[in-house]
Amino acid sequence: MDILGLFNYWVFAILLMIGFYAVLAKKNLVKKLIGLALFQSAVFLLYITVGKVEGGTAPIFSATAEGDLFSNPLPQVLILTAIVVGISVTALGLGIVVRIKEEYGSIEEDEILEMDQQ
Amino acid sequence: MTAAIDIASWILLTTGGLAVLVGGIGALRMPDLYTRMHAASVTDSLGAILVLVGLMLQGGLTLVTAKLAAILLFLVLTSPTSSNALASAALLAGTRPMGDRHGPDSGDTP
Amino acid sequence: MTELFGIFLLTLLVITAVAVVRAQNLFVAVMLMGIASLLIAVNFFLLDAADVALTEAAVGAGISTVLFLSALALTVDREKAPKTKVGLAIAVTVVAGLVIFYATLGEPRFGDPNSPVQTHVGPWYLEKTPELVDIPNVVTAVLGSYRGYDTLGEVFVVFTAGIGVLFLLGHGRVRRSLEEETRQNEGLRHYLIPRVIGQLLIPFIILFGLYVQFHGEYGPGGGFQAGAIIAAGMILYALLEGEKHALTVIPQKVLLGMMAGGALLYTTVGIAGMLMGGNFLDYSVLNDNPVIGQQTGIILIEAGVGITVTGTLLAIFHAFAARGD
Amino acid sequence: MYYAVIIATIVTMALALTRALLGPSVYDRVLAVNMFGTKTVLLLAVASFLGGREDFIDLALVYALINFIGVLAVLEFFRKRVERNEAEESEVEA
Amino acid sequence: MSGIDAHLPALQVVVPMLTAGFVVLLKQRGLAWAAASAASAMAFAIAVQLTMTAMGGEPITYEMGNWPAPYGIVLHIDSFSAVLMLIITGASTLSLLGGHASLDSQIALERQPYYYAAWLLAVAGLCGICITGDAFNIFVFMEISSLASYVLIAGGPDRRALPAVFKYLIMGSIGATFYLIGVGLIYLMTGTLNLADMELRIANVDDLRPIYLAAGFITVGLALKAAIFPLHVWLPNAYTWAPHVTTAFMAACATKVMLYILFRFDYLVFQGNLDGHAIQFTGYLLPLSLVAILVGSVIAMLQNNVKSVFAYSSVAQIGYIVLGASLITAAGLTAGVLHIFNHALAKGALFLAIAVIAMACRSMTLEHIGGIAKQMPVTFIGFVIAGLSLIGVPGTAGFISKWYLITASLELGNTGVLIIAIILISSLMAVYYVWRIVEVAAFGERDPSAPDVEISKPLIIALWIAVIANLYFGFVPQLPVTLATETSAILLEVTP
């Protein structure tokens with residue numbers, strides 16, 4: 001199980017790479033934002049993985065979970081915050097994209113650059 | 001008595017799982033959009049009903065069962081609605097069912 | 001066994017992510033992103049993060065998809081074929097990836113109960129919460145009280161995003177013709193079945209949102225999740241009945257008031273703590289019994305969070321939807 | 001026995017994902033996403049029983065709800081797009 | 001300390017935040033402006049008060065919600081935070097009080113309440129970063145300040161502001177996410193988020209690979225946000241096309257706050273604990289900062305738009321700050337921190353002058369500002385003095401930090417000579433690009449189609465306050481020097 005013990009971290013790394021690639025290489029502005037969202041999701045996965053404890057359960061006390069082992073609540077709190085931050089960035093980014101489309105008629109980065117150089 | 005409920009619930013869960021699986025295969029293998037939709041939506045509802053009722057039997061008379069009933073009601077209402085809306089949108093946009101020999105205006109528009 | 005399910009789902013997630021990046025049709029990319037979000041959320045659930053799974057489902061799969069679609073409706077839904085070289089991007093990405101892989105070898109194994117994370121700070125919360133705050137959901141206790149300052153900041157992040165979108169899109173252009181305006185505003189009125197079913201469900205959705213809001217101390221839920229759910233319910237209404245109609249029910253002014261009001265409520269609770277002899281955001285002093293004070297404080301600030309999130313998400317949605325081109 | 005249902009659901013999710021990736025039309029993809037969402041609801045319901053935390057069934061309810069709103073948002077998007085550009089092709093390249 | 005004094009650390013952030021909530025609701029634009037200015041001035045007063053307490057004494061700590069560290073979030077204010085807080089709130093107050101008329105000419109009236117609210121949130125976010133002692137809390141406030149800055153920049157009347165701000169948003173979010181990954185990795189290995197606690201617990205970590213990775217991620221992420229060469233590409237356009245008053249505020253403090261976090265992490269958390277971590281400075285940041293100084297200055301010489309000139313000059317100036325810090329000596333750090341302060345003074349004054357000039361010109365390209373000196377001599381003199389401070393002429397604040405930088409380089413021997421040569425060359429380049437503008441403005445032909453000169457008195461007063469500060473701190477540099485020296489002592493505490 002040693003290899004599998006790191007599987008989540010690897011998925012984090014792969015997702016991070018995929019998202020990062022999309023942000024860097026794609027010229028479409030909406031696609032960049034999608035890439036950014038993926039990129040951030042990867043980080044969420046990292047944190048939540050960190051908080052998991054073998055054989056644990058969610059850190060919410062209840063009659064059915066008396067005396068159980070609980071996973072760490074702290075990373076979950078952080079990621080709750082980060083998810084909301086993520087959607088805020090996405091919303092603002094989309095707002096800017098809509099304005100760019102209105103002003104330039106395009107949402108392709110290279111076309112916009114060309115228009116500005118004229 | 002509990003044994004009987006358990007057995008009934010297991011049977012429901014298993015058939016539910018089977019229905020779900022069949023629906024998945026159907027959605028993948030059927031030849032065109034509408035047949036796929038048929039496969040997906042019908043078994044979707046059936047599978048959901050079977051599995052959720054199976055879980056209800058496990059839950060007994062508790063708040064959990066009430067919540068499961070709510071989910072069930074919700075799924076039974078929304079799942080066909082979504083399928084219907086989707087099919088009509090596809091039809092309006094001009095996707096014709098396979099084997100449809102009539103013109104675009106003879107379709108059963110909503 | 002659950003670990004194996006997790007691994008399977010994560011593999012699906014990676015496949016989906018690749019497809020998202022490859023899809024040239026932006027609409028398809030957004031749809032696949034919805035799937036990716038659901039997959040991540042299920043994984044969160046399997047990793048014992050019920051609250052996060054709830055948030056990811058409501059925000060990631062729900063609101064985010066709706067926002068992306070609203071933006072796509074205003075722009076174009078197809079990406080132009082890439083012309084430029086991507087060599088540098090690939091190189092940077094691969095190098096970063098390899099470095100991370102190398103470093104992961106030194107990390108504690110998945111679920112290791114002896115890892116630093118499970119032995120420092122975290123256990124303190126689990127141990128002390130019953131005594132100090134006495135609510136079952138430790139996540140809510142940490143969110144609302146121990147790290148309440150973070151949450152305050154987060155509410156203001158949402159608030160800032162709302163201000164930003166309103167600043168950019170709030171004072172838009174005037175529509176061209178009356179006819180166009182009516183068409184733009186009609187929503188899904190002609191789809192009879194969805195409309196009837198949807199209207200039937202909206203009250204229950206809002207009710208459920210309120211349940212999530214006030215049940216947040218006992219089970220998964222809280223202000224963010226509830227805010228997102230209630231906003232989703234109102235968005236459903238706007239989809240069915242059209243923009244204009246939805247705005248007459250809750251006008252933008254009210255939404256703006258909610259945005260600011262929730263954030264102000266949160267801050268006020270913090271200041272109340274200060275005035276009553278504690279530190280900022282110290283709820284213990286709100287009542288003679290510190291534990292009850294904590295609980296009161298958490299309920300109040302969660303309400304503030306819920307109000308701001310609902311108001312902001314709705315305001316953002318309307319800002320997009322009302323901007324016909 | 002819960003495992004059987006979970007496995008069936010997960011496999012179906014994989015099948016739905018395949019359909020979403022294959023397309024060919026956007027409606028197929030929306031169908032697949034919708035199906036995927038329903039399966040997620042079932043999976044969560046069963047998984048919360050499996051983990052002994054039946055009280056987490058709330059999550060499944062949220063998923064069902066979000067799923068429905070998602071489909072309607074897609075419909076509204078189609079409607080707006082058709083209005084904006086009647087001639088636009090909805091077919092997708094592979 | 002007693003009464004309200006005890007709560008000042010919290011109020012530093014809460015006052016602007018709370019006011020931001022009210023400002024959006026104000027329909028009257030004048031009222032919104034007044035409220036924002038008042039809140040900003042109040043934040044400045046709090047910052048001054050906190051500086052006086054923190055200077056020379058123990059750092060101030062404040063437990064949020066009365067929860068002890070590392071379980072709760074603790075505020076931590078020392079001389080380094082004080083430097084940043086002073087320039088943030090100072091620049092904000094000056095720009096807001098003076099910028100009223102300039103903003104009216106650039107931003108539609110009905111959008112202004114949002115703008116002012118975003119401004120206050122930016123102040124709150126930046127201050128929040130400087131006073132907190134918690135790694136994740138830094139992330140939250142970083143996002144508040146970033147989102148607010150995106151709004152402030154997007155307010156620019158030219159459409160080119162939009163692609164510029166989008167680029168900033170993408171790069172800024174990547175930077176913030178990198179930072180979050182770094183913090184996550186440290187958390188994974190230490191189990192804590194409190195900076196002081198991290199510092200202690202990293203010493204006990206067996207396998208340092210994830211920590212090295214975290215150091216890399218945090219450095220790169222913050223370098224992105226701080227626009228350290230070659231990750232500066234978002235900065236020039238964003239500064240050029242933002243509303244003028246925004247530029248004056250942002251150029252003074254936004255990137256410097258990111259440098260603040262970078263130094264905090266690299267010195268306090270990593271430097272004492274990681275073997276060979278110094279390479280990050282000598283092998284990576286030092287050469288890059290030298291290249292930044294040269295490249296930034298060269299590109300600045302080639303620009304045609306006055307704001308672009310100073311935006312690229314900012315890239316070079318950030319190079320100076322990083323250069324000072326990456327010498328890893330007490331003298332170098334003092335010089336770097338001193339330059340944070342002095343550059344904020346010079347750049348803030350320059351951009352305020354530009355805001356005045358811009359009101360009488362069609363655009364800020366060189367051909368449109370010809371002959372402006374004759375029409376607004378008072379502004380022009382202010383501009384020249386601020387330019388001299390940027391170059392580093394004796395008698396101005398800019399000279400002090402360059403002098404410290406050169407002294408610090410001298411300690412290095414041969415490498416030091418090279419560094420000094422580069423500093424001198426870059427200063428000469430600065431003379432050139434400032435002179436180019438002065439020449440056109442003083443001797444060029446006045447653009448006949450320019451709008452009538454409309455002199456905004458408050459803006460000129462704000463400009464002159466900044467100019468006088470440049471001169472004052474050029475002759476009496478005790479305050480910044482004391483703060484900078486104390487900062488270097490704090491940062492180097494673990495590696496004597």
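Q: What is the area buried between chain C and chain D?
A: This is a predicted model, in which local features need pLDDT of at least 70, side-chain atom pairs count only at pLDDT 80 or more, and totals for chains, interfaces and linings use all residues. Residues are numbered from 1 along each chain as its sequence is written, chains are lettered from A in the order in which they are written, and side-chain values use heavy atoms, with hydrogens and water left out. Buried area is the accessible area (1.4 Å probe) that two parts lose on being put together, summed over both. Carbon and sulfur atoms give 79% of the area between chain C and chain D, and the total is about 4800 Å².

Q: Which residues of chain C lose the most area to chain D?
A: Contact means heavy atoms within 4.5 Å, and 55 residues of chain C are in contact with 46 residues of chain D. Three residues of chain C together make up 12% of what that side buries: Phe5(C), Phe27(C) and Phe45(C).

Q: How many residue pairs are in polar contact between chain C and chain D?
A: A polar contact is a pair of N or O atoms within 3.5 Å; within protein, one must be able to donate a hydrogen and the other to accept it, and residues adjacent in sequence count only if both atoms are side-chain atoms. Between chain C and chain D, with both residues at pLDDT 80 or more, the count is 2.

Q: Which helix gives the largest share of the side of chain C that touches chain D?
A: Helices are DSSP runs (H or I, at least four residues), numbered from the N terminus. Elements giving two or more residues to this side include helix H1 (2-22), helix H2 (26-46) and helix H3 (50-74) of chain C. The largest share is 11 residues, and it comes from H3(C).

Q: What area do chain A and chain C bury between them?
A: The contact takes 77 residues from chain A and 92 residues from chain C. Of the buried area, 76% is on carbon and sulfur atoms, and the total is about 7800 Å².

Q: Which residue of chain C forms a salt bridge with Lys52(A)?
A: A salt bridge is a side-chain nitrogen of Lys or Arg within 4 Å of a carboxyl oxygen of Asp or Glu. The rule finds 1 across the interface of chain A and chain C. Its closest N and O atoms are 3.1 Å apart, and the partner of Lys52(A) is Asp48(C).

Q: Which helix gives the most to the side of chain A that touches chain C?
A: Between chain A and chain C, 13 residue pairs are in polar contact, both residues being at pLDDT 80 or more. Helix H1 (7-25), helix H2 (29-51), helix H3 (73-104) and helix H4 (109-117) of chain A each supply at least two residues of the side that touches chain C. The most, 24 residues, comes from H3(A).

Q: Is His368(E) buried or exposed?
A: His368(E) is found in the loop between helix H13 (330-358) and H14 of chain E. Buried means under 20% relative accessible area, exposed over 50%, partly exposed in between (1.4 Å probe, protein chains only). The relative accessible area of His368(E) is 16%, so His368(E) is buried.

Q: With which side chain does the side chain of His368(E) make a polar contact?
A: Not counting residues up to four places away in sequence, His368(E) touches Cys361(E), Arg362(E), Ser363(E), Arg446(E) and Asp447(E). The polar contact, at 2.8 Å, is with the side chain of Ser363(E).
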